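Student: Could you take me through one part of this model close up? I'd like to hear about the aromatic rings and what surrounds them.

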Amino acid sequence: MNFQTALLDVQRMGEADRLSVAAGTPVTELMGNAGISVTAEIERRWSVRPVTVLCGPGNNGGDGFATAWLLAEAGWPVRVALLGARDQLTGAALHYAQRWQWAIEPMTAAVLDEAELVVDALFGAGLSRALEGAAADILATAAKRGLTIVAIDVPSGVMGDTGEALGAVAARLTVTFFRKKPGHLLQPGRHLCGEVVVADIGTPESVFEAIKPDTFENDPVLWAHALPLLQPDGNKYTRGHALLWGGWPTTGAARMAARAAARMGAGLTTIAVPEVALPVYAAALTSIMVSPVARHEDLQQLLADRRYTGLLIGPGAGIGPDTLARVLAMLATGRATVLDADALTTFENDPPALDQAIIGPCVITPHDGEFRRLFDASGDKLTRARAAARRCGAVVILKGSDTVIAAPDGRAIINANAPPTLATAGAGDVLGGMVLGLMTQGMEPFLASAAAVWLHGAAAADFGPGLMAEDLPDLIPGVLRRLVNEP
């Protein structure tokens, strides 16, 4: 995959630093470049004002000393507080602490007096436990006073691999290096980091040959090349035929999903519905075809038609044995299938049955509640999604403001472009239809899922406040047009 948006966990980032040094870049140079980057980002946003730099006992503290020295040299009033003693520092951190020729104060609230800006260089992602003691107290005091906080790497107390917050306070700006970490995107870390800037400190791209990242931030560079292309000699059949199960008496969810599939490019889209629901669906849809189903055998007959290349069931389907039978019938075809909502909850009393039934390309799209009914909900979001995908053999879209897309082979993508307006009824149904539309045209499940999630967020962002789920399908063409036209 494209390493441009790779996310590096703490272990891989440490290995990248080690490989950089092995390739000839001294640790002092990396740390100095970190200080230059943090200083530049501060000077870009704020005028000269009193700054307090809080330094920890490790390399994050060394970054803080480098930043403090550069700000002081530029004429900023700077105070430095150190957690521990200077003679206990080692390596590059000691080098930059010795360069600091002014007072080093104890880690008490007094060092915040008169400060207007605070640099958190206490621990960064190197902390693997809850923030406590003087470090926790001084950050809490800074937050209580409403001081602007700039974090180096991650806000101290945010776990770099998971986004978990253990005593962290919110930063206005976080400056990290080379690549983001998962904790910059996973909640609540994403919120606590504020604006995130990734700075180049001289780490060579060649480190990717050794560290082999498996987690990425969602971006078109990962999947735009795989989007289905319109062919000059193509027709509606070459673009695939999507088949959805339409629920009753709830009909809106399936209708929105069908429109989303069509907007994503499916050549034909059909909703199979109970006979009693036919007038409702037929009156509400035009280019979407509606096929009445009186008996289970009628659905089997539809599924026997190989021209249906993508299947979706779940939105408004209802929970019970009839839905279960329909889900199993769709999965048994081995064709590209999306399972959402009620199609997933139907397995809550027998989760292994879902795993056994998945024999072909499949995407499941649970929110946290649906996920808990089927999978182990312990651990962080990234770990849970990966384990679920590995267990069931499907691509898992674990939805939320920090949606995670996980493949059975361990790859994962974290999405960060979803606006809060997507927290509205029916938005997930539209997303399922978008995935269906891409898979119907032959796009492989993992990249189709990532593309749909990103396009879903971009469409919502284009609309802005007041968004309703039914607005989303009609916003898709504009996002696609912009994506195709961008160089």
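Tutor: Let's start with Phe208, which is buried at 3% relative accessibility (buried means under 20% relative accessible area, with a 1.4 Å probe and protein chains only). Phe178 is buried too, with a relative accessible area of 5%. Bear in mind that this is a predicted model, where local features need pLDDT of at least 70, side-chain atom pairs count only at pLDDT 80 or more, and totals for chains, interfaces and linings use all residues. Residues are numbered from 1 along each chain as its sequence is written, and side-chain values use heavy atoms, leaving out hydrogens and water.

Now for the pairing: rings of Phe, Tyr and Trp (its six-membered ring) pair if their centres lie within 6.5 Å, and planes under 30 degrees apart count as stacked, over 60 as edge-to-face and the rest as tilted. That rule gives 5 aromatic pairs. One of them is Phe178 with Phe208, a stacked pair at 5.4 Å centre to centre and 25° between the planes. This pair ties together distant parts of the chain, 30 residues apart: Phe178 is in the loop between β6 (173-177) and α6 (189-193), while Phe208 is in helix α7 (residues 208-211).

Elsewhere, rings meet charges. Arg99 lies over the face of Trp69, 4.7 Å from the ring centre; the rule asks for NZ of Lys or CZ of Arg within 6 Å of the ring centre and within 35 degrees of the ring normal.

Definitions and conventions. Helices (H or I, at least four residues) and strands (E, at least two) are DSSP runs, numbered from the N terminus. Buried means under 20% relative accessible area, exposed over 50%, partly exposed in between (1.4 Å probe, protein chains only).
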